[in-house]
Amino acid sequence: MKTLSIFIFTVILLSCNQPKHEEFVLVKGGVSQNSKSNLFGSNIAIKDFYIGRYEVTQKQWKEVMGNNPSKFIGDSLPVEGVTWYDCIEYCIKRSEKEQLTPYYHLSKETVDKDNIGEYDSLKWTVTINRGANGYRLPTEAEWEYAASGGAKSKNFTYSGSNDINTVAWYWKNSGRDELSGTWSWPNIEQNHNSTKPVGLKQPNELGIYDMSGNVREWCDDWYIDHQTPMGVTRSQRGGGWMGSELRCQSASRDNFEATGKGSDQGFRICRNK
């Protein structure tokens, strides 16, 4: 009887440490199979990891943070209006709430010496525990690998299709009427465009929703390109409800200062395998 009790306790403990099946997708690692990806043909190999099947919703955010910063209100809508630092705090607090080891440590009293961003007035120091089982943001490479279909990629331009309307809420289809022509903010505003409940469009090859469109998603790492050095802005991916077709492509890169926020900026979370 004692042996049986130990066995049952061990099973329960192990199951508690595994992400909920319906909420997370196990992304099998490897090199990119999508020829349209920035990762294709590189030596970058992604390790196995869990990623949120959906963008973090307002209901999930409120359960952890006790507030709702979003412009468009609804439990099943993605949370938006969050800064990169807000997302880090969410990951820490949710990890603690679920008795997981936080992946991040956030110090609001220490200035990050690597942060040279002109518009980031906070410059809080964020350190990581790579071996932790708590929640985190995906790296930009992980995000693109998952959005591009991972090992199951069918070489789509958008996350799950070459037809943007089947997988994404973006500037043409996220409002009262279907818009046409070229991108125009006045038209978008007059059309009452907004976020939509997560998971309404088709998923990609891995069963992940809304990686193209709905909200732009914060990533873990600094944004770096030939014009932008490390320490200025944080990476974002995915387009958004006001985003253009180009921005919704899985390979399209974007960035913003860590203190920046807007009604088209949300996130999804990850965990190490």
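## Salt bridges in a predicted model

This model is predicted. The protein averages a pLDDT of 93, and 92% of the residues score at least 70. Over residues 2-16 the pLDDT is below 50. That stretch has zero contacts in the model beyond near neighbours in sequence. Where pLDDT is low, the predicted coordinates should not be read in detail.

**Exercise 1.** Find how Lys59 and Glu63 are placed in helix α2.

*Solution.*
- Start with the pair: Lys59 forms a salt bridge with Glu63, with 2.7 Å between the closest N and O atoms.
- Next, locate them: helix α2 covers residues 58-65, and the two are four residues apart in it.
- Therefore about one helical turn separates Lys59 from Glu63.
- Last, check accessibility: Lys59 is partly exposed at 40%, and Glu63 is partly exposed at 46%.

**Exercise 2.** Work out which parts of the chain Glu140 and Arg253 tie together.

*Solution.*
- The side chains of Glu140 and Arg253 meet in a salt bridge, 2.7 Å from N to O.
- Glu140 lies in helix α4 (residues 140-147), Arg253 in strand β7 (residues 253-256), so the pair ties together parts 113 residues apart in sequence.
- Glu140 has a relative accessible area of 8%; under 20% means buried, so Glu140 is buried.
- Arg253, at 26%, counts as partly exposed.

**Exercise 3.** Decide whether Glu217 and Arg268 are buried or exposed.

*Solution.*
- Glu217 forms a salt bridge with Arg268, the closest N and O atoms being 2.8 Å apart.
- Glu217 sits in strand β5, and Arg268 in the loop between β8 and β9, 51 residues apart.
- Both Glu217 and Arg268 are buried.

Notes: Residues are numbered from 1 along each chain as its sequence is written. This is a predicted model: local features need pLDDT of at least 70, side-chain atom pairs count only at pLDDT 80 or more; totals for chains, interfaces and linings use all residues. Side-chain values use heavy atoms; hydrogens and water are left out. pLDDT is the predictor's confidence in each residue, from 0 to 100. Contact means heavy atoms within 4.5 Å. A salt bridge is a side-chain nitrogen of Lys or Arg within 4 Å of a carboxyl oxygen of Asp or Glu. Buried means under 20% relative accessible area, exposed over 50%, partly exposed in between (1.4 Å probe, protein chains only).
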